[in-house]
Amino acid sequence: MERIYINGGNRLHGKVEISGAKNAAVALIPAALLADDVVELENVPHIADISSMVSVLKDLGVSIHYLDEHTLRIDSRGLVNRPADSEGVRKMRASYYLLGVLLGRFGSADVVFPGGCNFGIRPIDLHLKGFESLGATVEAKDRIQVRAEHLHGANIFLDVVSVGATINIMLAAVLADGTTVISNAAKEPHVVDTANFLNSMGANISGAGTDRIVIRGVRRLHGTTYQIIPDQIEAGTYMVAAAITGGDITVRNIIPKHMDSISAKLLDMGAFIEEFDDAIRVCAPEPLKDTVIKTAPYPGFPTDMQPQFMTLMSVVRGTSIITENVWDNRFQYVTQLHKLGADISVDGRVAVVKGVDHLDGCEVEATDLRAGAAMVLAGLAARGTTVITNVKYISRGYEAMVQKLVQLGADIRLEGAAADPIIVEGRVG
Ligand code: UD1
């Protein structure tokens, strides 16, 4: 079994290159299938969720291969609309995007229920209601089957701000007849990236990044070359790594604006932040202090940074509070921080974190992707050795995390990992 070993206490310093955004990549790769053509996607992160997505697409007859380590060529001219029920589909939350894509391109889709990290009930009712508004019938038992004789534009109000529903409805609506308006839409950077990507394929989408997105249906989409945005959450995780180790790290290849809510909290806790055009430097020469965080849809504080900040709060002066407003049950990992000596009490959606003098290394488990990143941060700060199990969760969303941390001066190693090499086929013919 894979394990990460960390001897804590090193102050991290240096520069780290941030990879392409996982949550954008898992939307853009299936979105490429909307064109009966060839798409080249650059800045694709090398993470397990992408390997799963690639194998799912191959099962559907798509010709997909790497031109270089981070560029995927996707040729969907051979795409076949068969049921998507492979192991890869079951593993990933984002396989729900196949519903919108196949419905949009072929008028029907048959996909098993998506997997992904388990932090409470993760419904997709808003996706399905959106498809129904566009003229589809939906059957959802152990698998989801959607079908439409004629997809047409509609006015859709989302009861809850949902990233997945916003993107999925956009995917189904780009080739529909007429105009679709999504109100109370999500504004996350990867929603905007998906709209920009689809527009580069000939779609007509405006308003992405606001809470009202207008999609005017077009007859067909064409191939394109497009670069995926940098990963906001990966960047945020390394910013916390600087703060929690009293270090000095510059995260590079990022969009600083995407980091505003995260930078603001680090500043509030007493860290020093320096912003450049495509980089942010974080250093924490003095001990940090408590703060209050309420997670919210973008541009609010991202729920996907909540576990990393909980860990940081565990070792700063004073009492911090986190209110989790997006997911019902995203504090399961707190028991792991308790093992390391953190003083955290949870009551429903609220966690109260009393800073302790130090954490003591021990064996902990990555209970999900971001909780896994939080365990790594805890290990970097803890006295002695921390051993992290269930590393497969971390590999789902962080490219080369151990190597990047070694370059920043961490005493960290990964044992027992099977290599997942990228096979670069380059341009053939
Ligand atoms: C995406 C991210 C995930 C992040 C989350 C919130 C991907 C692949 N994953 O997940 O990392 O934590 O956004 O930023 O991009 N909801 C409903 N009905 C629905 C859909 C959602 O009630 O049909 C609720 C959810 O229970 C949750 C809230 O809406 O409380 C937000 O969920 P959503 O934004 O849809 O999350 P995902 O797109 O699944």
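**Entry 1: salt bridges.** I began with D260, which forms a salt bridge with K257, the closest N and O atoms being 3.6 Å apart. The model I examined is predicted. I noted that D260 is partly exposed at 36% relative accessible area, while K257 is exposed at 56%. I then found that salt bridges with shared partners join K22, D49 and R396 into one network. My count of salt bridges came to 18.

I recorded D49 as buried because its relative accessible area, 5%, is under 20%. R396 also counts as buried, at 12%.

I next took K404 and E234, whose side chains meet in a salt bridge of 2.7 Å, N to O. K404 lies in helix α14 and E234 in helix α8, so the pair ties together parts 170 residues apart in sequence. I recorded K404 as buried at 12% relative accessibility and E234 as buried at 2%.

**Entry 2: aromatic rings.** I searched the whole structure and found 3 aromatic pairs. Y96 is buried at 9%, and Y97 is buried at 3%. I also noted R413 over the face of Y5, at 4.4 Å from the ring centre, and K392 over the face of Y393, at 5.1 Å.

**Entry 3: surface.** I found a nonpolar surface patch formed by V292, I321 and V350, with about 190 Å² of accessible area together. V292 is in strand β17 and counts as partly exposed at 44%.

Terms used:
Residues numbered from 1 in each chain as written. Predicted model: local features only at pLDDT ≥ 70, side-chain atom pairs only at ≥ 80, totals over all residues. Heavy atoms only, no water. Phe/Tyr/Trp six-rings, centres within 6.5 Å; stacked < 30°, edge-to-face > 60°. Buried < 20%, exposed > 50% of the residue type's maximum accessible area, 1.4 Å probe, protein only. Lys NZ or Arg CZ within 6 Å of the ring centre and 35° of its normal. Patch = residues over 30% accessible without salt bridge, like charges linked within 9 Å, V, L, I, M, F, W, Y side chains within 5 Å. Areas by Shrake-Rupley, 256 points an atom, 1.4 Å probe, with all protein chains shown as cover. Salt bridge = Lys/Arg side-chain N within 4 Å of Asp/Glu carboxyl O. Helix = DSSP H or I, 4+ residues; strand = E, 2+ residues; numbered from the N terminus.
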